[in-house]
Amino acid sequence: MSQVTIRDIATATGLSAGTISRALKNQEGMTEATRSKVRDAAQRLGYDLSHLRKVRIRRIAFLLHSQHNTLASSPFFSTVLHGAEEACRREGVALSFNVVGPSTPVMDQIKLHQPDALLCAGFFEPEVLAALKLTGKSMVLIDMQQRGFTSVNPDNAMGGYLATRHLLRSGRRRIAMLSGSLAHFSIEQRNRGFRRALFESRVLADPDLELIVPRLGDGDSGVVEAMRRLLSLPKPPDAVLCYNDSTALVAMAYCRAQGLKVPQDIAIVGFDDISGAATSVPPLSTLRVDMEALGAAGVDLLLRLKPEDPIEELVLPVELIVRESSCDD
């Protein structure tokens with residue numbers, strides 16, 4: 001067992017024992033340069049990190065990218081946040097909510113709230129994640145995956161696969177996919193499941209039927225434009241899989257306004273099973289994601305995992321919910 005002590009590291013670096021202790025525990029009150037100097041010296045000297053008592057997490061910051069702070073995304077991420085809040089309440093942990101983006105001084109927010117750990121929900125630029133990782137705080141990604149980070153996600157690929165297979169088994173052959181930016185891990189995975197189902201059924205993927213919803217503001221205009229383009233094709237789709245329920249509800253309303261019957265003329269399936277899916281007209285078929293469980297699992301991972309534990313990538317199951325929008329039996 002290593003006999004190297006905090007005093008040995010202090011002697012090697014010229015820093016005080018108190019500074020060494022705070023750096024190894026990832027506490028506030030020092031520059032990243034000092035923290036890195038201490039870590040490098042500890043590693044070089046062979047310091048046994050098990051000597052440190054595990055610091056209890058008392059404050060967690062829930063970070064949401066500003067691009068998700070929209071009407072379309074709110075039903076999903078507000079429920080994820082609620083799940084995290086309930087888990088923190090049970091554990092006696094304080095949770096703060098912060099919307100951040102490329103123009104937001106995210107590190108200033110971290111210094112202001114001084115959390116012990118971070119929950120990052122949805123898409124974040126790799127540069128932002130790298131900067132957050134340098135704080136040395138425990139981090140978990142929710143609805144996002146990147147190498148080197150612990151994460152929790154719904155089984156997005158399986159969801160896209162199940163939805164598309166359901167439409168194929170219902171006799172649909174020209175199935176369109178409405179996606180958001182494929183830079184988002186969850187959307188890319190849902191699209192991958194869609195393509196897998198087509199491939200297994202030997203249905204040729206038609207590039208004209210795969211559209212990225214254009215960003216024309218926070219309203220519904222991007223979805224309306226995408227549906228207008230799809231329905232204007234010489235051979236329009238007989239089904240549409242949407243990357244989330246908010247998009248699916250707008251797409252369905254547009255189809256009905258154009259005189260199409262749902263699902264007789266065109267079947268529509270969403271993703272997430274937000275509260276409005278079951279009460280829409282007609283009720284929306286979707287993939288049920290336990291959004292509260294995502295938030296709770298993120299908190300559990302932060303509280304359970306130790307810094308020396310391996311990276312964990314937790315995947316939660318999804319469930320196909322068939323309603324009238326895709327089933328005319």
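Glu 86 counts as partly exposed because its relative accessibility is 29% (buried is under 20% relative accessible area, exposed over 50%, partly exposed in between; 1.4 Å probe, protein chains only). This is a predicted model, in which local features need pLDDT of at least 70, side-chain atom pairs count only at pLDDT 80 or more, and totals for chains, interfaces and linings use all residues. Residues are numbered from 1 along each chain as its sequence is written, and side-chain values use heavy atoms, with hydrogens and water left out.

Arg 89 is exposed, at 56% relative accessible area.

The whole structure holds 13 salt bridges (a side-chain nitrogen of Lys or Arg within 4 Å of a carboxyl oxygen of Asp or Glu). One of them joins Asp 116 and Arg 59 at 3.5 Å, N to O. Asp 116 is in the loop between helix H5 (106–113) and E3, and Arg 59 is in strand E1, 57 residues apart. Asp 116 is partly exposed at 25% relative accessibility, as is Arg 59 at 35%.

Glu 210 and Arg 195 also pair, at 3.1 Å, N to O. This bridge links strand E7 (residues 210–212) to helix H8 (residues 185–200). Glu 210 is buried at 18% relative accessibility, whereas Arg 195 is partly exposed at 43%.

**Helix H11**

The buried residues of H11 include Met 291, Leu 294 and Val 299. Its buried residues pack against several elements, among them strand E1 (59–65) and helix H4 (74–91) (contact means heavy atoms within 4.5 Å).

Terms used
Helix = DSSP H or I, 4+ residues; strand = E, 2+ residues; numbered from the N terminus.
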